[in-house]
Amino acid sequence: MTTSVADHYANHLAPIYSWMVGDFEAACKQADNFYADLGLADGDGQIVADLGCGHGVHAVPLARRGYHVFAFDTSAQLLSELKAVVNDLPIKTIAADLTRFTDHLETERVSLVVCMGDTLPHLPSIDTVNVLIRDVALKLVPDGLLIFSFRDYSTHELTGTDRFIPVRADNHRIHTCFLEYRPDSVIVHDIVHSLIDSSWQTSVSAYPKLRLRPDSVIATAESHGFSLIHRTAIRGMVYLAFKLSANAIAG
């Protein structure tokens, strides 16, 4: 039995998400290095929409680069953790589904939209991905940037015990994923063993992710006036950066 992405995070992953990620500043540094390698200019007050911001490992380094960040997530807990580290950084947290981000940016024009981690496959369908990219094109300034990262579940289907993937473990908690492949999606079973009062307890929750094909995402973006300016893959994660043509007319 599967649950929705929002419920899966609210009831299962959000309470351990920061533990899963590990050292917050190290994760922020890794994200900032990616933007530096991409040649991202300083923000100088330009607006960024961070879609599926989690607890802020992209929002924080972007704000430190001078961007005004609108950080969207459905998890109240993760947004609360982000608020705790904002201090005087220009970050506005917004509890909303990432597909509704334009509702909260009615008058603002956005210079950069990021959807990082493995957030894009959380969308319910390929059609929803298309609509999101279209909406980004409508909201971005000319020559604005769109950056995705997501895990490529489309090219290599794991079998047998390889479908059990260790995420993180310490003396008090063990987190493992089990992947169940379907034609257009993969069901991710998050299995968490926790040591509570000297007794190990197990909790399991499962939710679907899209099996996005990088070339299909690129083709969709190009159909809305974007040009691919960066593509790389690191340990199964695909990173795509696009620039919106100054003459683009989103359709």
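Two strands count as paired if DSSP finds at least two bridges between them. Strands (E, at least two residues) and helices (H or I, at least four) are DSSP runs, numbered from the N terminus. With that in hand, let's walk through this predicted model, where local features need pLDDT of at least 70, side-chain atom pairs count only at pLDDT 80 or more, and totals for chains, interfaces and linings use all residues. Residues are numbered from 1 along each chain as its sequence is written, and side-chain values use heavy atoms, leaving out hydrogens and water.

Start with an open sheet of seven strands, whose order is β3-β2-β1-β4-β5-β11-β10 and whose pairing is mixed. At its edges stand β3 (91-95) and β10 (226-234), each pairing on one side only. Look at β2 (residues 68-73), which pairs with β3 in the parallel sense over five bridges. There you can find F72 opposite I94 in β3. Helix α5 (residues 76-86) packs on this sheet and touches β2 and β3; contact here means heavy atoms within 4.5 Å.

Now turn to the other sheet. Four strands form an open sheet in the order β6-β7-β8-β9, with antiparallel pairing. Because β6 (164-169) and β9 (199-210) are at the edges with a single partner strand each, one side of each has no neighbour in the sheet. Further in, β7 (residues 173-181) and β8 (residues 185-196) pair in the antiparallel sense over nine bridges. For R173, the bridge partner in β8 is S194.

Conventions. Axes are lines fitted to C-alpha atoms, for helices over the stretch in contact, and angles run from 0 to 180 degrees between N-to-C directions.
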